[in-house]
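Try each task before reading its solution.

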Amino acid sequence: EWASDRYCLGLITNNVDRLVDNTLPLFGLHEHFRFYVLSHEVGFEKPSREVFAKAREEASAVLGAPVAPEEMLHVGDNYAADYCGARAACMEA
């Protein structure tokens with residue numbers, strides 16, 4: 001809650017189940033995210049740059065202004081998919 005009041009939080013997932021529709025609401029987490037990027041809808045999975053570019057595009061749309069990659073921070077649990085993917089897309093990780 002603290003972070004969602006201060007930052008534009010989004011979610012990038014490679015999950016094919018409807019995490020956004022099922023799991024997040026179950027735990028009351030969906031209200032904290034302003035956008036979602038689902039890899040199967042983008043057509044690329046993390047660590048692909050395209051999925052991170054889509055997240056940047058979504059953040060820019062939500063904020064109504066362009067967001068530079070270096071202004072974004074990606075936090076994840078998989079070194080190769082999350083850390084390396086975000087860094088390859090010029091994002092902080």
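Predicted model: local features only at pLDDT ≥ 70, side-chain atom pairs only at ≥ 80, totals over all residues.

**Exercise 1.** Check the length of helix H4 (residues 49-63), then find what its buried residues pack against.

*Solution.* 
- Start with the span. H4 has 15 residues, and at 1.5 Å a residue they should span 21 Å. The end C-alpha atoms are 21 Å apart, which agrees.
- Next, list the buried residues: Val51, Phe52, Ala55, Ala59 and Ser60.
- Recall the helix rule: an α-helix has 3.6 residues a turn, so residues three or four places apart point the same way.
- Now find the partners. The buried residues of H4 pack against strands S1 (10-13) and S2 (35-38), and against helices H3 (39-42) and H5 (79-88).
- Finish at the end of the helix. Gly64 follows H4, and its phi is positive, near 75°.

**Exercise 2.** Describe the largest pocket and its lining.

*Solution.* 
- Volume: the largest pocket holds about 720 Å³ of space.
- Lining: 26 residues line it, and Cys8, Leu9, Gly10, Leu73 and His74 lie nearest its centre.
- Elements: S1 and H4 each give two or more residues to the lining. S1 gives the largest share, 4 residues.
- Classes: the lining has 16 nonpolar, 6 polar and 4 charged residues.

**Exercise 3.** Is Asp82 buried or exposed, and what does its side chain contact?

*Solution.* 
- Locate Asp82: it sits in helix H5.
- Apply the cut-off. Buried means under 20% relative accessible area. Asp82 has 3% relative accessibility, so it counts as buried.
- Look for polar partners. The Asp82 side chain makes a polar contact with the side chain of His74 (2.9 Å). A polar atom of the Asp82 side chain also lies 3.1 Å from the backbone nitrogen of Asp77.

Conventions: Residues numbered from 1 in each chain as written. Heavy atoms only, no water. Expected span 1.5 Å × (residues − 1). Buried < 20%, exposed > 50% of the residue type's maximum accessible area, 1.4 Å probe, protein only. Contact = heavy atoms within 4.5 Å. 1 Å grid on protein atoms, 1.4 Å probe; cavity = no way out; pocket = protein on both sides within 12 Å on 5 of 7 lines; lining within 4 Å. Points joined across faces, edges and corners; volume = space filled by probe spheres on them. Nonpolar A, V, L, I, M, F, W, Y, C, P; charged D, E, K, R; others polar. Polar contact = N/O pair within 3.5 Å; in protein donor to acceptor, adjacent residues only side chain to side chain.
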